Amino acid sequence: MQLAADKGDINTIIGGIAPDWGPFGALGTEAKTMVQVVMALAILMCLAIAIWGAAKQRIGATAMRDTFSAEQGKGLIIAGLAGVFIIGSLGTVFTIVYGMAV
């Protein structure tokens with residue numbers, strides 16, 4: 001019996017934003033680095049949106065008693081975290097789609 005995590009390491013976990021999958025495998029080192037930087041910036045922006053939403057929800061719900069602001073905050077949190085999930089799983093999505101096309 002072999003365990004699935006037997007050969008895994010940290011690169012397997014964070015490999016979602018490292019473009020060595022699918023059509024990006026043929027790119028040069030500089031192009032891969034540029035894609036990594038763009039994806040990392042997108043993840044940071046999504047996390048910033050989620051944090052902004054959490055602050056907006058907290059301030060709107062307690063300090064100003066503004067329910068509209070609190071609802072906007074919930075939407076921003078969901079949008080930010082969904083963006084992080086989508087960007088983080090692009091490696092899997094591209095591998096499946098590219099593999100089916102080839």
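How many salt bridges does the structure hold? The structure holds 1 salt bridge, a term used here for a side-chain nitrogen of Lys or Arg within 4 Å of a carboxyl oxygen of Asp or Glu. This is a predicted model, in which local features need pLDDT of at least 70 and side-chain atom pairs count only at pLDDT 80 or more, while totals for chains, interfaces and linings use all residues. Residues are numbered from 1 along each chain as its sequence is written, and side-chain values use heavy atoms, with hydrogens and water left out.

**Overall fold**

The protein has 4 helices and 0 strands, and along the sequence the pattern reads α-α-α-α. Helices (H or I, at least four residues) and strands (E, at least two) are DSSP runs, numbered from the N terminus. Of the 102 residues in the protein, 18% are buried. Buried means under 20% relative accessible area, exposed means over 50%, and partly exposed lies in between (1.4 Å probe, protein chains only).

From the record, an unreviewed UniProt entry, comes the label "transmembrane region" for residues 34-55 and 76-101. UniProt positions are given in the numbering used here, feature names are shortened, and annotations may be inferred rather than shown by experiment. In the model, residues 34-55 are 100% helix and 0% strand, with 31 Å between the end C-alpha atoms.

**Helix H3**

Helix H3 covers residues 67-88, 22 residues in number, and spans 32 Å from its first C-alpha to its last, close to the expected 32 Å. The expected span is 1.5 Å times one less than the number of residues. Buried in H3 are Ser-69, Ala-70, Gly-73, Gly-80, Gly-83 and Ile-87. Seen down the axis of H3, these buried residues fall within an arc of 145°, so they line one face of the helix. The arc is taken over the directions from the helix axis to the C-beta atoms. On the face of H3 turned away from the buried side are the exposed residues Thr-67, Phe-68, Ile-78 and Phe-85.

The salt bridge joins Lys-74 to Glu-71, with 3.4 Å between the closest N and O atoms. The two residues, Lys-74 and Glu-71, are 3 residues apart in helix H3, which means a separation of about one helical turn.

Relative accessibilities for residues of interest are as follows.

| Residue | Relative accessibility | Class |
|---|---|---|
| Lys-74 | 38% | partly exposed |
| Glu-71 | 49% | partly exposed |
| Ala-82 | 33% | partly exposed |
| Phe-85 | 60% | exposed |

Ala-82 lies in helix H3; its C-alpha is 9.4 Å from that of Ala-50, a residue 32 positions away in sequence. Phe-85 is also placed in helix H3, and the C-alpha atoms of Phe-85 and Cys-46 are 9.6 Å apart, with the two residues 39 apart along the chain.

**Nonpolar patch**

Val-37, Leu-41, Leu-44, Leu-47 and Leu-81 make a nonpolar surface patch of about 440 Å². Patches are made of residues with over 30% relative accessible area and no salt bridge; like charges are joined within 9 Å and nonpolar side chains (Val, Leu, Ile, Met, Phe, Trp, Tyr) within 5 Å. Accessible areas come from the Shrake-Rupley method with a 1.4 Å probe, and for residues only the protein chains shown count as cover. Helix H2 (residues 29-63) gives the largest share of the nonpolar patch, 4 residues. Leu-41 is in helix H2 and is partly exposed, at 48% relative accessible area.
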